[in-house]
Amino acid sequence: MKTQWFNRGRTKPPHDDFFLPELCEPEALLSLVLLAELLVLVLVLSEPMVQGFNWVRLALTSLFVQWIVLLSAALLCSLRPLLARLRAALAGCLCCALVVALTLGCTAVADHYELGGPLPRDGEVNLYLRHALISLIMSALLLRYFYLQSQWRRQQQAELQARIESLQARIRPHFLFNSLNSIASLVAIDPVKAEQAVLDLSDLFRASLAKPGNLVAWSDELELARRYLSIEHYRLGDRLQLEWQVDDVPPDLPIPQLTLQPLLENALIYGIQPRIEGGLVRIEAEYRNGVFQLCVSNPFEEEAERQPSRGTRQALVNIDARLAALFGPGASLSVDRRDGRHFTCLRYPCSRPMQEARAI
């Protein structure tokens, strides 16, 4: 049995719009320490070379620069919430001023205790000016880099949001048209049921539009799917049998809107509709160790696969693209056939409960 995987390689963008990153994070601190060490090497190598490398000079310069870097990171990290309220230009100027002030303070301490050896008085002003200019230039370049990275992330976020909205907009008309086709088949058979199905569809489509945003609670998605199945029950009757195994999923778990319904629609089109006797559609979902997994299975026959159908497999591609955009490379969508049944399964990491359906 062959399993088809829908792959992706996208990451989820951050939500913080302020250009200054969290400098207290381990990754940010490591990057700053490495960058500071490169600066130390440049400063030491820029001095006139003498016979033999001055390792003591390297160690003292490294200690001095790293002390300034760590103090600056701690200060900017603590002041970040306040700086985030200011305009980017003003916040950047204040950050540079704070780094320069810390540099001058550390220089004064090192000079007072002669940590780098006795300093001639006639060179004292030049030393302070040199350290201030170096810290100003380096901090300005680093902040500029942070700002450009922030703008790039914001652009990526806007493009991703537009892409998700486009994908979701394609599902709603497709969902509506297929539901209307189901109702149309009832008009000649049972007008009363057709009228009730129209009312159910109205409630169903209103529910799908009620909460803007890309993520909804699992309980809402489940209710949407049950409404859709109630419409199909009017048309298929006892041919459609359902088995739900979804009790292990928290009701507030976030899921992309209109994810379960297209999976059920494919199961009905390819697994129930072509069979005179119908069949069982099984819905299994679980949330374990921070990973949500959902599987929809239906009977499968090779003859039914070769018959023309009103359905479209584009829904699976759409779902896979939205999972990739919302949850990154940790999400997956697979299609498998075994033991006479067709399985469509999706999984994605989700460590936080649903607070509110919102766009990225």
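Quick question to start: does Arg 338 count as buried, partly exposed or exposed? Partly exposed, because its relative accessibility is 35%. Keep in mind that this is a predicted model.

Now, the partner. Arg 338 forms a salt bridge with Asp 336, with the closest N and O atoms 2.7 Å apart. Asp 336 has 13% relative accessibility, so it counts as buried.

That pair belongs to a longer list. Searching the whole structure turns up six salt bridges. I'll show two others.

Take Glu 22 and Arg 80. Their side chains meet in a salt bridge at 3.4 Å, N to O. This pair links distant parts of the chain, 58 residues apart. Glu 22 sits in the loop between strand E1 (4-6) and helix H1 (26-45), while Arg 80 is in helix H2, residues 55-83. Arg 80 counts as buried, at 9% relative accessibility. Glu 22 is partly exposed, at 34%.

Next, Glu 277 and Arg 275. Their side chains meet in a salt bridge too, 3.1 Å from N to O. Arg 275 is buried because its relative accessible area is 17%, under the 20% cut-off. Glu 277, at 48%, is partly exposed.

On to the helix. H6 covers residues 218-236, 19 residues in total.

Which H6 residues are buried? Among them are Trp 218, Tyr 228, Glu 221 and Glu 232. Just after H6 comes Gly 237, with a positive phi of about 65°.

That's my tour. Over to you.

Note on methods:
Residues numbered from 1 in each chain as written. Predicted model: local features only at pLDDT ≥ 70, side-chain atom pairs only at ≥ 80, totals over all residues. Heavy atoms only, no water. Helix = DSSP H or I, 4+ residues; strand = E, 2+ residues; numbered from the N terminus. Expected span 1.5 Å × (residues − 1). Buried < 20%, exposed > 50% of the residue type's maximum accessible area, 1.4 Å probe, protein only. Salt bridge = Lys/Arg side-chain N within 4 Å of Asp/Glu carboxyl O.
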